[in-house]
Amino acid sequence: MRTRTHTDPLAAVRNLGILAHVDAGKTTVTERILFATGTIHKRGEVHDGTTVTDFDAQERARGITIFAAAVSCAWAGHRVNLIDTPGHVDFADEVERSLRVLDGAVAVFDAVAGVEPQSESVWRQADRHGVPRIAFVNKLDRAGADLDTAVASLRDRLGVVPLVVQLPVGREDAFTGVVDLLRMRALLWGAGADSYETAPVPEALLEEASRRRRLLEETVAELHAEALEEFCATGSLAEPTLVRALRELTLAGDGVVVLCGSAYRNRGIEPLLDAVVAYLPSPADMPAVQGRPADPAEPLAALAFKVTVTPTGRLTYVRLYAGTLRKGDTVLDPGTGRTERIGRILRVQADRHEEREEAVAGDIVAVIGPKAARAGSTLCAPGAPLLLEPPSVADPVVSVAVEAGRSTDTGRLSAALARIAEEDPSLVVRTDAETGQTVLSGLGELHLEVAVEKIRRDQGVEVVVGRPRVSYRETVVAGVRGLVHRHVKQDGGAGQFAHVVIDVEPLGEPGFAFRSTVVGGRVPAEYARAVEAGCRDALAEGPLGGHPVTGLRVVLTDGATHSKDSSELAFRAAGRFALREALRVSTLELLEPVAEVTVTVPDESVGAVLGDLAARRGRVTGSTGRAGTSVVTATVPLAELFGYASRLRGRTQGRGTFTTRPAGLAPVPAGVAATLPAR
């Protein structure tokens, strides 16, 4: 971590994402940030399809964010690079790739609903990446909005310590501003006003504001050693101490600063920007990447996190962690060993671009020139190679068969599928070995629907889509011990010999583990690694229905070699055949992806909805009431949720809504498993 100075340009950069559940208002927050900073001069609206970051035709038609969009703006002498991320569960991989390159985030919550399923999911994603966050409780102008209830949901569902620095002025339609608890002043927005006016705290709120300021000081003092010293000595905390402590607690993840407002009415955005500058980290605050600090003078280290293929060229979005990237530079992709030339460097403003001569550590830019770099590729100086950890890619859970509507379009469809899989690593294209059909797999029904529509719209190819199918897995319930496999092959030349003895046992969780307990050099380490590789090959197809196998541990317990005929190739083959044989004699069960479903319906429709969930093999896990509506949560097999949206609308006269999020894998009941076709 570099020491921040007032002259350090990196200290004046913020790279942050906007995270939220679908419909919490994050795209509107982004739009109002661009308006408040003077980046745009007219406010766009999601419902009108006029926002800057939802520029794709499908986003505007559906009214949701599908693709992560990068924009840049300036505030209080700082450069703020923003990524507006999707809120729908089917596009969680876009969030994952964005979080990998961000330094901080603003999590947006609905003041009525509080923490919703996908807000919890993206929060956990940010936890995994160690991204510091502040919270913005949005939509305080809605009926039923309540800051305290929303804050309680942060504490209860996310397990965080909320540090509330504002108090709303007015409720619901009468919401006009906030009390700044740090400076003990009111920030008020008039009807249609684009900025706030400062005023004394209203008399009716003075006592409550003083109580909340005191509570904030006490909470901060409990968490921060320096603040505790001052609090014990003086009985209070001065504003500079409070601001410094809030920043340090945010960076350490020990507390979450909470602000509030109404983005739609343009209230609360300027204080939110002030908080971004005050509390979220700059690139200079971040640890060095593999010993390479965020310094333009260091050798280049950059990570590609998004690729967009257009008819006019290929855009690769990169985050620079160290060094300087100039137009015309040659960079190395250490993952492939290829060098790439940087033709152009662009500062991105959603679907618009501004040409730049160079980019430096801390920047997020798009480059034109690299032909083979993918999302997750490292780009570095050829003379100082290093490999950065790529963002993880979720396994597909839903598949559809696709084919061209006209036989003459088959080649164009294949090219289009390759292009969208290049842009989105969570989309997988394969050919079914038995039927010869082309199968497209993704993270959900909507994910695949959007991908197919993109092909139709961008390539003009008519696509015929089959019925969706989920991706099943097979797992070991009871394994086998001491399985012996001897691989011997003689075909006239050099022979192959490998002798292995393995145990197979349940792992207790999804995944695969391998270890060797062979002693005395009977199976050298390089051959043991080859056995592991062969076992991984065997996991592709299980004996129950040809589905991938997960949740097992393989232990190599013994083996033997031949002085001439043993090789890594022979032991890899032995590992593959041994595990296949072991799986055939083990006890396995079929697993299916399940989802946590949250259904919001009128009270009078609860019975019908519960009955329908039961018919879909759903297991109800909770039910709460809220202002004439009921919120039901259930765990339901993903295979049973196809077409659920239209069924729910029919049972609730169009008034019911639902959201889903992945809940892992669960055993398929024997009666259901017997009816499923092989992969």
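Figure 1. At 26% relative accessibility, Glu-208 counts as partly exposed, whereas Arg-212 is buried, with a relative accessible area of 15%. Buried means under 20% relative accessible area, exposed over 50% and partly exposed in between, with a 1.4 Å probe and protein chains only. The two side chains meet in a salt bridge (2.6 Å, N to O). A salt bridge is a side-chain nitrogen of Lys or Arg within 4 Å of a carboxyl oxygen of Asp or Glu. Glu-208 and Arg-212 are 4 residues apart in helix α6 (residues 203-223), so about one helical turn separates them. Helices (H or I, at least four residues) and strands (E, at least two) are DSSP runs, numbered from the N terminus. The model is predicted: local features need pLDDT of at least 70, side-chain atom pairs count only at pLDDT 80 or more, and totals for chains, interfaces and linings use all residues. Residues are numbered from 1 along each chain as its sequence is written, and side-chain values use heavy atoms, with hydrogens and water left out.

**Figure 2. Salt bridges elsewhere in the model.** The structure holds 51 salt bridges. In one of them, the side chains of Arg-265 and Asp-141 meet at 3.1 Å, N to O. Arg-265 lies in the loop between β11 (256-260) and α9, and Asp-141 in the loop between β5 (133-138) and α5 (147-158), so the pair ties together parts that are 124 residues apart in sequence. Arg-265 is partly exposed at 32% relative accessibility, while Asp-141 is buried at 11%. Asp-612 and Arg-616 also form a salt bridge (3.1 Å, N to O), and both of these residues are buried. Salt bridges that share partners join Glu-120, Arg-124, Asp-127, Arg-133, Arg-157, Glu-596 and Arg-661 into one network.

**Figure 3. The largest nonpolar core and the surroundings of Val-220.** In soluble globular proteins, nonpolar side chains tend to be buried together. A nonpolar core is a set of buried Ala, Val, Leu, Ile, Met, Phe, Trp, Tyr and Cys residues joined through side-chain atoms within 4.5 Å. The largest one here has 42 residues, and Val-106, Ile-134, Val-220 and Leu-246 have the most contacts inside it. Helix α9 (residues 269-279) gives the most to this core, with 7 residues. A second, separate core of 35 residues includes Leu-413, Val-597, Ala-634 and Leu-638. Leaving aside neighbours within four places in sequence, Val-220 is in contact with Leu-163, Ala-227, Leu-237, Leu-242, Ala-245, Leu-246 and Leu-249. Contact means heavy atoms within 4.5 Å.

**Figure 4. Gly-551 in a loop between two strands.** Gly-551 lies in the loop between β31 (549-550) and β32 (552-560). The residue is buried, with a relative accessible area of 4%. Which residues does Gly-551 contact, leaving aside its neighbours within four places in sequence? They are Thr-475, Val-476, Pro-506, Leu-507, Gly-508, Glu-509, Pro-510 and Gly-511. Gly-551 and Leu-507 are 44 residues apart in sequence and 4.9 Å apart in space, C-alpha to C-alpha.
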